[in-house]
Amino acid sequence: MLAYAARRLAIAVPTLFAVSLVMYAILFRVGDPVAALRGTARLDPREVQAIIHDAGYDRPLLVQYGRWLRGFVSGDWQRSIENGQPVLSEIGGRLPATLELMGIALLLMLALSLPIGIVGAARRGSAFDQLTTGFAYLGYAIPAFLLGLLLQIAAVRVKETGWGVLLVAAGAGALLAGMLGIRRRPGQLTAAVGAALVVLGALLWSWRQGDFLVYTAQRFSPFASESVWSVDHLQHLVLPVLTLAVVQVATWSRFLRASMLDALGADYVRTARAKGLPPRSVIGRHAFRNALVPLITVVAIDAAALFSGAVVTEQVFAWPGIGTRFLHAVEVKDIPVAMGIVMVGAIAVVTLNLLADIAYSLADPRIRLV
Amino acid sequence: MSAPADRPGAAEPPGRTHLGIAWRRFRRHRLGMAGAVLLLALALGALIQPALSPYSFSSPDPAVGGQGPGWPHVFGTTDPLGQDVLTRVMYGGRTSLAVGLAAALAATLLGTTLGALAGYLGGAVDSVISRLTDLFLTAPPLAVLIALGSAVDRVSLGLVILVIAALSWMPVARLVRAEVLALRERECVLAARAMGAGPVRIILRHLLPNVASVVIVAATLLVGLAIIVESTLSFLGIGLDAISNPSWGNLLEDARSEVEDGWWLVVFPGAAIVLTVLSVSFVGEALRQALDPRGRGRDRRLSARAFGRARRW
């Protein structure tokens with residue numbers, strides 16, 4: 001096991017080097033790391049030349065890269081060209097907002113896609129299956145930024161007309177109705193979530209007098225307490241979390257449904273059924289356990305890719321995370337900050353891929369660790 | 001979704017060509033046909049837009065600025081300038097569809113070539129190509145695109161196509177490699193090799209025709225993906241510039257500031273994107289069922305397997 005992890009690590013680290021070299025070449029060589037300085041009137045070209053020379057930007061690519069790499073490994077990620085802050089502390093200041101968004105979205109994705117995938121496979125061809133299949137196609141076809149914009153429009157309309165809570169309740173009721181024919185536990189769980197949503201909608205309705213507010217931008221309202229536990233903050237979270245979640249729910253639930261169907265068609269499931277085990281046990285214990293194994297990989301890889309999704313979502317909702325910071329850095333040609341954020345993303349991808357491989361081999365004893 | 005064409009080959013009249021059979025099956029897939037018709041309509045609208053609409057892409061008419069959908073401006077007009085949104089959507093389709101098709105084509109060619117080489121030649125070639133595939137899968141695609149977009153002065157159509165293709169060929173390569181690995185031990189390939197056929201001939205004449213159905217389906221999925229990527233880039237303001245090559249993403253970028261009181265500026269270009277990607281995936285679904293010679297099975301869940309990971313935006 002340890003040897004296997006070490007071998008995977010031995011592949012992961014060079015990959016990271018390769019990615020960083022390519023990104024360095026794009027950002028520092030194709031791009032102009034001192035572009036931000038060239039525009040300022042106070043600096044005359046000779047001073048700019050001096051800065052270029054000091055930073056080593058006139059040296060060969062590999063020498064430059066080596067210099068950057070030494071700093072990177074020792075924790076000196078250079079300073080922002082825009083405001084002179086160390087890149088690491090710039091990123092550190094923005095990371096909590098992004099991690100919060102991704103973490104909550106991740107929980108929502110799992111909470112939705114697991115029951116949808118399981119029930120869809122268990123009741124293949126049912127109304128519920130067809131409905132969720134339709135939504136999955138739609139969720140797959142819609143770019144994240146467009147979904148964000150549409151949600152913003154909907155939120156504004158809802159606030160103006162005040163029928164938002166009814167909408168929530170109606171949607172949840174429809175979900176409930178779709179689940180009614182299902183007697184298995186995932187179905188019951190989803191139905192319970194639907195019922196809870198209806199109750200929540202009704203409570204919000206009476207509390208807010210129909211003025212159900214979700215904010216369409218920022219993380220906190222101006223002048224509000226910047227506490228992550230405040231209602232104000234929750235109202236800011238709703239739309240970006242939904243935006244991030246929908247696409248992944250579409251792909252994950254389809255993936256789980258597909259591997260559930262594989263498992264349900266397998267011999268051991270037929271044996272379990274023939275033994276007279278209750279359907280709940282066959283689906284939950286025999287089929288689901290096995291269908292979960294390939295999903296682990298997909299979830300880990302996509303969770304890392306959420307880093308990219310966060311860029312778009314944060315931009316749409318003006319969320320002060322590293323995604324907006326990255327776009328801003330690129331816009332003002334603050335190359336060290338952009339490079340730092342790219343590396344954070346690449347490290348996340350490589351780490352989660354590694355964890356996925358290890359988790360995969362742990363979850364499925366048939367996989368030989370070579 | 002799968003009901004009507006789930007049992008292709010059930011009662012196929014004998015004596016038809018492979019393509020004829022595929023076409024019959026394709027026609028039986030109602031959503032696939034609907035998608036194909038819709039795609040043709042969108043492409044036609046984009047191509048002959050001047051013949052269909054009395055307005056041009058950017059001709060302003062401030063007198064009618066900020067109108068909602070109605071007559072004569074069916075999709076409404078932009079806010080202060082009063083440009084016709086329907087015209088803009090049709091025009092934007094040119095760039096979006098062109099980028100989608102060209103990028104998917106390029107990515108498919110690249111992925112197929114690399115996948116076939118890796119699968120057939122094996123050994124060192126295989127491990128180099130496989131490492132390369134892993135590397136490209138690790139690179140944060142959006143970050144690369146954004147960084148490139150900012151690093152070059154002006155983003156041209158060719159560059160966008162090339163870069164999107166360079167970042168989306170990997171699933172195709174993996175798929176083709178796996179298929180070729182399975183195929184290369186077949187008797188037909190052995191026979192060809194015994195008769196002295198070289199690797200190029202074997203790959204082109206014996207292997208690729210056998211993986212064609214998989215590749216075609218993968219290519220359709222890539223079209224949708226490329227359209228989404230391009231619109232995202234344009235929306236973020238780092239894709240094609242809105243003046244020389246306006247795409248649906250550019251229209252949405254313009255609409256962003258008017259989300260509160262101009263919903264039609266978002267909904268119509270947005271619907272164009274969603275409908276196109278939906279149609280493309282329905283066509284892909286229909287093609288998959290029509291081209292799979294063994295009916296159901298083998299690559300039934302191609303889309304979920306290979307492309308669950310590819311969607312990152």
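Hi everyone! Let me start with two helices: α5(A) and α14(A) are oblique to each other, where oblique is what remains once angles under 35 degrees count as roughly parallel, over 145 as roughly antiparallel, and 65 to 115 as roughly perpendicular. Please keep in mind that this is a predicted model, in which local features need pLDDT of at least 70, side-chain atom pairs count only at pLDDT 80 or more, and totals for chains, interfaces and linings use all residues. Residues are numbered from 1 along each chain as its sequence is written, while chains are lettered from A and ligands numbered from 1 in the order in which they are written.

Back to our pair. Helix α5 of chain A covers residues 87–122 and helix α14 of chain A covers residues 335–363; they pack at an angle of about 60°, with axes 9 Å apart. Axes here are lines fitted to C-alpha atoms, for helices over the stretch in contact, and angles run from 0 to 180 degrees between N-to-C directions. Which residues make the contact? From α5(A) come V87(A), E90(A) and I91(A), and from α14(A) come P336(A), V337(A), G340(A), I341(A) and V344(A). Being in contact means that C-beta atoms, placed from the backbone, lie within 7 Å.

Now zoom out. Chain A has 14 helices and 0 strands; helices (H or I, at least four residues) and strands (E, at least two) are DSSP runs, numbered from the N terminus. Of the 370 residues in chain A, 40% count as buried, that is, with 20 or more other C-beta atoms within 10 Å of their own. Among contacts in chain A between residues at least 6 apart in sequence, 73% join residues at least 24 apart.

How do the two chains meet? On chain B, 41 residues are in contact with 48 residues of chain A. Helices α5, α6, α10 and α12 of chain B each supply at least two residues of that side of chain B, and α6(B) gives the most, with 9 residues.

Of its 170 residues, L27(A), A338(A), A147(B) and A226(B) touch the most other members. Helix α10(B) gives the most to this core, with 18 residues. And what does L27(A) contact, leaving aside its neighbours within four places in sequence? The partners are I335(A), A338(A), M339(A), A147(B) and A151(B).

Notes
Contact = placed C-beta atoms within 7 Å. Buried ≥ 20, exposed ≤ 12 C-beta atoms within 10 Å, placed from the backbone. Core = buried A, V, L, I, M, F, W, Y, C linked by C-beta atoms within 7 Å.
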